[in-house]
Amino acid sequence: MSERGAFDKASVRDAPLDGARALVRVDFNVPLTEGEGGPSVADDTRIRATLPTIELIRERGAAAVLVSHLGRPKGGPDPALSMAPVAARLAELLEVEVGMAPAVVGPEVEAEVERLGSGELLMLENSRFEPGEIENDPELAAALARLADLYVDDAFGAAHRAHASTEGVAHLLPGYAGLLLEREVRELTAVRDDPVRPLCVVLGGAKVTDKIGVINRFLETADSVLIGGAMCFGFLRAREIETGESLVEEEGIALSERVLERAEASDCELLLPIDLVLGRELDPATEVRALDGIAVPDGWMGLDIGPRTAAEYAGVIAGAGTVFWNGPMGAFELAPFEAGTRAVAEAVAAAPGFTVVGGGDSAAALVEFGLADRVDWLSTGGGASLELMEGKRLPGVEALLDA
Ligand code: ADP
Ligand code: MG
């Protein structure tokens, strides 16, 4: 276990597990694909990431009751978002049986939990089948707490949400940090508080408003912030540059204007694209053209950074002591617009500095390019990693026992 970064919460390694029943909050919010035999897990990265914690709990003689949310069911059970395919995938990975509960809580679930022996596993239904999950309803938290003697939180990806299964229940049972959650907090905190310099932050993706807190924080602490993705168009508009039909968030323009002012006054270098790849519309078969500049003509959308921008960003990344990357440089899901994201991914993978990537879509891009194991830390948390980087407290972590 790496001892980078600060972590002051009790670890599952020190929990009284022998003969106990542990309620384990995991982040099994994974993409599903529809197959002939029903839905199955399309990407099991998040499941694999938490296997060490589950294995430790089993080896130490506890029964594990696993709970996670999956997708966004609308306030009640939705068979299409059942945890059953996820439990099946977990069983394959661990090569042990994983029981599937008929609900999240209730008498039937309690009866199944009663029957669990040491080292056995039971997956609860999607926590968001209970409306009380998102409302952090104390009654749901109490019903969850009745299922176990202690609580283990390994769901870093959900740690920024104060929900019944991430926060409420941690006030009712002694709460311990899982191995993944601890490692996530340590690696990200090290980048935030104690980076080897220069610190280069690469931000992309759809919306400035999602990432404004992180931009503002890093303007104070980073050596360079490189902007790509649709996010850059708010900045271009703030500079009164035409953006054609590009995706622009209206409320992002004023925010971007303030970021530009702050960047002027700071020691941090803020880089924006110098060239773009354009398309007529967000479609893989659309007409495509390169633009050696950034003023997007009417009738065109900016859908990727151009090659000169990619080369410039790659150079900064190569010279960094630490790189944090969140958000793709373009609409990388469409082949004509993936080059910028691929170039940045390759630069991050090849960088001699310490490299950390966070964000669902950036992580998916790295996996797609076969570069996932070439970075030092690939965070399983999108929103949670951003909030931690911003300096916010994560309610799911705060509620755990102190070390
Ligand atoms: P992450 O999940 O890594 O934090 P975001 O969710 O913020 O990233 O943004 C990812 C999405 O942004 C992707 O679906 C990508 O297609 C889209 N995107 C990036 N750049 C553009 C662009 N120029 N135009 C339209 N969509 C874009
Ligand atoms: Mg995303």
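What radius of gyration would a compact globule of 403 residues have, and what value does the protein chain have? In this predicted model, local features need pLDDT of at least 70 and side-chain atom pairs count only at pLDDT 80 or more, whereas totals for chains, interfaces and linings use all residues. Residues are numbered from 1 along each chain as its sequence is written, and side-chain values use heavy atoms, with hydrogens and water left out.

A compact globule with 403 residues would have a radius of gyration near 22 Å, and the protein chain, at 22 Å, agrees with this; the radius is taken over C-alpha atoms, and the globule rule is 2.2 Å times the number of residues to the power 0.38. The C-alpha trace spans about 65 × 45 × 35 Å along its principal axes. The protein chain contains 15 helices and 17 strands, which are DSSP runs (helices H or I, at least four residues; strands E, at least two) numbered from the N terminus.

Helix α2 (residues 51–59) packs against helix α3 (residues 84–94) at an angle of about 70°, with the axes 12 Å apart; axes are lines fitted to C-alpha atoms, for helices over the stretch in contact, and angles run from 0 to 180 degrees between N-to-C directions. The two helices, α2 and α3, are therefore roughly perpendicular to each other, a term that covers angles of 65 to 115 degrees. In this packing, Leu51, Ile54 and Glu55 of α2 meet Leu90, Leu93 and Leu94 of α3, where contact means heavy atoms within 4.5 Å.

Methods
Chains are lettered from A and ligands numbered from 1 in the order in which they are written. Angles under 35 degrees count as roughly parallel, over 145 as roughly antiparallel, 65 to 115 as roughly perpendicular and the rest as oblique.
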